[in-house]
Amino acid sequence: MQRAPRTDPLRMPEHLFAELAAGGGSARAVAFLEQGERARRLLLLRTLLSRLRGVSTPLTPAGDAWRVLREAAGRAPEAVEGLIQAPTTGAWIAHMLRRLHGTATGPALWAETARLNTLAVVAALHAGMEVSVGVALEDGALHLPGLGLARLPEGAAGLSAGTASTRAGELTVTGPSRAGGRTVLTCRPAPVPVDTAPPADDARWLPLRTLTAGSAALPLEDLDPYRDLDDPLPPARLDADEAVAWQRMVDEAVAILAATGGPEPGRLDPAVIRAVVPWGRTAPLPPPPPDVRVSASSGDSYGAMIISRPSEPLALAEALVHEFQHSKLAALLHLFPLVRDDRAERYYAPWRPDPRHLTGLLHGAYAFTGVAGFWRDRLSEPAHAETAAYHFALRRTQSRLVVRTLLTSGFLTETGHALVTGLARTLDTWLREPVAPAALARARTAATLHRTEWRLRNVAAPARPGPGRHSVPSGDAPGPPRFRPDRTTWPDLRTHVLAVPPARPRTPDEHLAAGNPAAAFEGYAEGLEREPGDPHLLAGWIVARAALEPGPGARRALARPELLLPASPVHR
């Protein structure tokens, strides 16, 4: 918030870049990324302020709200700095700039502009200042970033203009009532830890709840309208039981992460996380381990992650590592041009159902290198060793494949090439580390299955001059792939099926997981007789057949499975 004492550009020391390029990063490297994010945030905020001066509003003008913020920063610099650097503030700034450029939508512009006014109110509360600021109310409610949600008794429906006054940390909100008069609320806003939150919500004040993660307090952000990836959302308050379940899950996930430390890829100090955004209530029964139904983040919201509560702490710990890897790479992309991306979605990503552009491919490679490191650290833990061996072997193989695609694309900048080369060194070292043979075999099978099914579902076979037969293709067609116009998303069911060999295999996938490709082949063939050309079954059939009859024909079928003609019957 204070004016920078100098204007020299940020210069990342080479050793910090090397740490980040390896997929990890020390506390000093992460702190440098945070410094870069701060500089970017202030530049974007200055740009936004210059645009907001022309927005008509019935409330306190943006310039006056900014002056309140500046004064509060002088009195309570740490609190106001945290407010400006909060992920939701970054999301709001980016969203507003898109709105002003006509590439995003939202409620009335004056109401979204008023976020600056509520930031000024919160800053004044932290600083103990006495101010009065015009604010936008939604159904009589005023969201206070980092604190909670104040709700006027009998507040008017829809958008309305109100007033927020502060004095010695106390807030008074005044606005129109449903009956046509005025209604008032006075409270002392503050967030509360989940463990000490009231069991039932107050009709007038919903505090932001925080998750205790070691010495850190992580916002469990279910109230802020800018907690999502783009457009503003209404509050979606989790019930008390779900919030407590989150705290228990975080306790155990933090314990898992604390078992290892240092700058290696896959290691995370939970204190660097700035917010956890729960994606609704998980459901009566969370998804089976290690699946996480929703896990996402945005470069505009450094350190925040949107996650649906998984069924076990190990999956949450992995998701936290995964999403913070995205935050780190987004911060690097804000500092350096890494890739010349035309945004054409034409590349295979082993963790996606659809073709990806180069930036997305780079994000995946960086994130899953961290995930591979997370599982590598679990190899020595008896409770997780078997599952860890499989996931480590799978993710290191998939990440190295993508790194090769990036290095040979010809579209990396010099700095981008240095970054991806660092990832390659890490992965090449890991590929030489021994893994239990059975887990390694399942990981290789899972990787092959995903790529085969991806091509069957996404890549169109070249036109043929006449009727053919269901056979192994005889060669590759030159040039980039031509994509099917009818492709749709599909679930990756096999990655988790193959994680642990089943005691009593029944399905063809389970037979593959158990190391019995002959039984799997029979099962896939029977399925294809009922559903000819089904991509899921055909992928399994191709992989099982390649295991039973290895050789040049099998390699060609795996390389270009889309060249098989699904209309003909499958021969056993």
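**Two helix pairs**

1. Helices α17 and α18 are roughly antiparallel to each other, a label given to angles over 145 degrees. Because this is a predicted model, local features need pLDDT of at least 70 and side-chain atom pairs count only at pLDDT 80 or more, whereas totals for chains, interfaces and linings use all residues. Residues are numbered from 1 along each chain as its sequence is written, and side-chain values use heavy atoms, with hydrogens and water left out.

2. The angle between α17 (residues 535–548) and α18 (residues 552–559) is about 160°, and their axes lie 9 Å apart. α17 passes α18 in a left-handed crossing, that is, with the near helix turned anticlockwise from the far one by less than a right angle.

3. In this pair, Ile-542, Val-543 and Ala-546 of α17 make the contact with Ala-554, Ala-557 and Leu-558 of α18, where contact means heavy atoms within 4.5 Å. By class, this contact of α17 with α18 has six nonpolar residues, with no polar and no charged ones.

4. Helix α11 (residues 385–408) packs with helix α13 (residues 437–458) at an angle of about 45°, their axes being 8 Å apart, and the two helices are therefore oblique to each other. Their crossing is right-handed.

5. On the α11 side, the residues that meet α13 include Glu-386, Tyr-390 and Arg-396, while those on the α13 side include Leu-440, Arg-442 and Ala-447. The contact of α11 with α13 divides into nine nonpolar residues, one polar and three charged.

Methods: Axes fitted to C-alpha atoms, helices over the stretch in contact; angles between N-to-C directions. Helix = DSSP H or I, 4+ residues; strand = E, 2+ residues; numbered from the N terminus. Parallel < 35°, antiparallel > 145°, perpendicular 65-115°, else oblique. Nonpolar A, V, L, I, M, F, W, Y, C, P; charged D, E, K, R; others polar.
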